[in-house]
Amino acid sequence: MEMLVLSFTIFILALFVGVELINKVPPTLHTPLMSGTNAISGIVIVGAIVSAGTNHLSPTIASILGFIAVTLASINIVAGFMVTDRMLNMFKRKG
Amino acid sequence: MFALVNLSYLTAAVLFILGIKGMTKPKTAVRGNQIAAIGMLIAVIAALLHHQIVGFTTIIAGMVIGGSIGAWLARKTAMTSMPELVASLNGIGGGASLAVAASTWLTALGLQTTDAAQASTAWTLAIVVSIAIGAVTLTGSVVAVLKLKGNVGDSRRARLWQAVALLSLAGVITCGVLFFNQSQAPQLVLLVLVAFCLLLGIGLVQPIGGADMPVVVALLNAYSGLAGASTGFVLENQGLIITGSLVGASGLILTAVMCKAMNRSLPNVLFGGAFGQSSGAESSTNDDEFYDGKVKYATPDDLALLLDGARNVVMVPGYGLAVAQAQHAVKELANQLESRGAKVNYAIHPVAGRMPGHMNVLLAEAEIPYDQLKDMDSINPELPQADVAIVLGANDVVNPAAAEEPSSPIYGMPILDVHKARTVVVVKRSLSPGFAGIPNSLFIRDNSLMVKGDAKDVLQSTTSAIKEI
């Protein structure tokens, strides 16, 4: 229970940091912001890696789900960062 | 080792924050994105060092497959279909969270630690929440993508889908309660729970009109972040919680921006059904009467003559620009006008296009300097001084009825005041109504001209006509 309260505290504080931070992003960059946060939300890959790598002897439903999660999160990370970079370079060219 | 892994996650979270901070200015944004990518690399390496991991084959296979698909998507997707890509990535993120939560729970069940401290009520709640948000994000995004692509039209039976949503919500709650008591067949309960959550996602998004997809995409973006944060609760991983809530906050802010730009509340968007649904059928028959003989048509040559004498030109891009892929054509015309000493600006409504900032990205692709891209509040005071305003495939966001006719369904929605410009030229394929399904009184104003046609073709003909003058 203590762990939960601590986690919840961090969650709420991080929400505030997020709101403060993202309010400063200009509307021009809202699309790259969305694709960039898509990439960042791929952080669930850390949980997916553990799920996929735990059962190695015989594949269980849990490890299959882990494999699916690693695949999905990798799509998010790679596509998110790459497409954001592609977009932002267009903004960089002029200005 | 445990402390080191957790510190690495913290480092990653800090790098994400710094990365987003970089995104507050176009000049530092590329660097910001790279910083965030480094953060991700650190987190992945730290996760690979986790002591529970005994086999790397599946992990590497997943990364290679996912990475290749991701790289292919990132390279291949055209700037015009960015809303579809972002919506898909939202769904994929939700799906990943769903899979992680389900997998973690099944592992705990298999290890028979379910009655130990790990299976506390709070932990089980985190699992249920994680599964629910993940699944809703997954199917909700699938519906959103199909609606963005136009494969799924606006449902005439919104009520039915709302009933589906309510029923599946009841199902989710029932399964959630059973899940806590998990006496018999816990796997079956999990399966039914996931099924109801997936159905809930469809039921929630299906009744929402295509016009409101910018809001939905932004909201699903928030959900995908919150799904990640709830996975953080499941795994008791603070780095994940911080990161998930950052993404959640981002999506929530963008949702609020979109709602404000449409002068609607979030509940109204989510539960109000398709925009203008009640008036949809009758207004389409009245359109002909509304416009009959009152619209003045012009040709690209007329537009060229008009622009020849203009000093101050404002381009107003809308979704039609994206459909016609006319971003380069508009840049060409602007170059031509600028070489004649005219000032060219671009007025961008917050909900122009299908996602926040959609128009900005398209125009940036055509190498239009971003200081010429003006948002609604900064361009509206300048519009009365504009000689010519060219509306390119935008409709509802320039409908003066929103400002002048209290009976209009869009009354109160902030609009770009293009009708105050000396001359308004509307480039549009037809007189068909915009998403709101209502006629636009801008088209029959004294100072407005209509050039019928595809935005790209019209702009190209106008550019060549100007060159000949």
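Two strands are taken to pair if DSSP finds at least two bridges between them, and the strands themselves (E, at least two residues), like the helices (H or I, at least four residues), are DSSP runs numbered from the N terminus. The model is predicted, so local features need pLDDT of at least 70 and side-chain atom pairs count only at pLDDT 80 or more, while totals for chains, interfaces and linings use all residues. Residues are numbered from 1 along each chain as its sequence is written, and chains are lettered from A and ligands numbered from 1 in the order in which they are written.

In chain B, strand β1(B) (residues 312–317) runs parallel to β2(B) (residues 343–348), to which four bridges join it, and Val314(B) has Asn345(B) as its bridge partner in β2(B). Strand β1(B) also pairs in the parallel sense with β4(B) (residues 388–392), over five bridges; here Met315(B) has Ile390(B) as its bridge partner, and Val316(B) stands opposite Val391(B).

A residue counts as buried if 20 or more other C-beta atoms, placed from the backbone, lie within 10 Å of its own, as exposed if 12 or fewer do, and as partly exposed in between. By this criterion five of the six residues of β1(B) are buried, and β4(B) is largely enclosed by the rest of the structure because five of its five residues are buried. In a regular strand the side chains alternate between the two faces of the sheet. In β4(B), Val388(B), Ile390(B) and Leu392(B) point one way, whereas Ala389(B) and Val391(B) point the other way.

Between the chains, 80 residues of chain A are in contact with 97 residues of chain B, contact meaning that the C-beta atoms, placed from the backbone, lie within 7 Å. On the side of chain A that touches chain B, α4(A) gives the most, with 32 residues.

One helix pair across the two chains is α2(A) (residues 30–40) with α9(B) (residues 238–261), whose axes come within 10 Å and cross at roughly 155°. The axes are lines fitted to C-alpha atoms over the stretch in contact, with angles running from 0 to 180 degrees between N-to-C directions. That makes α2(A) roughly antiparallel to α9(B), the term for angles over 145 degrees. Among the residues that make this contact are Leu33(A) and Met34(A) of α2(A) and Leu246(B) and Val247(B) of α9(B).

How values were computed
Contact = placed C-beta atoms within 7 Å. Parallel < 35°, antiparallel > 145°, perpendicular 65-115°, else oblique.
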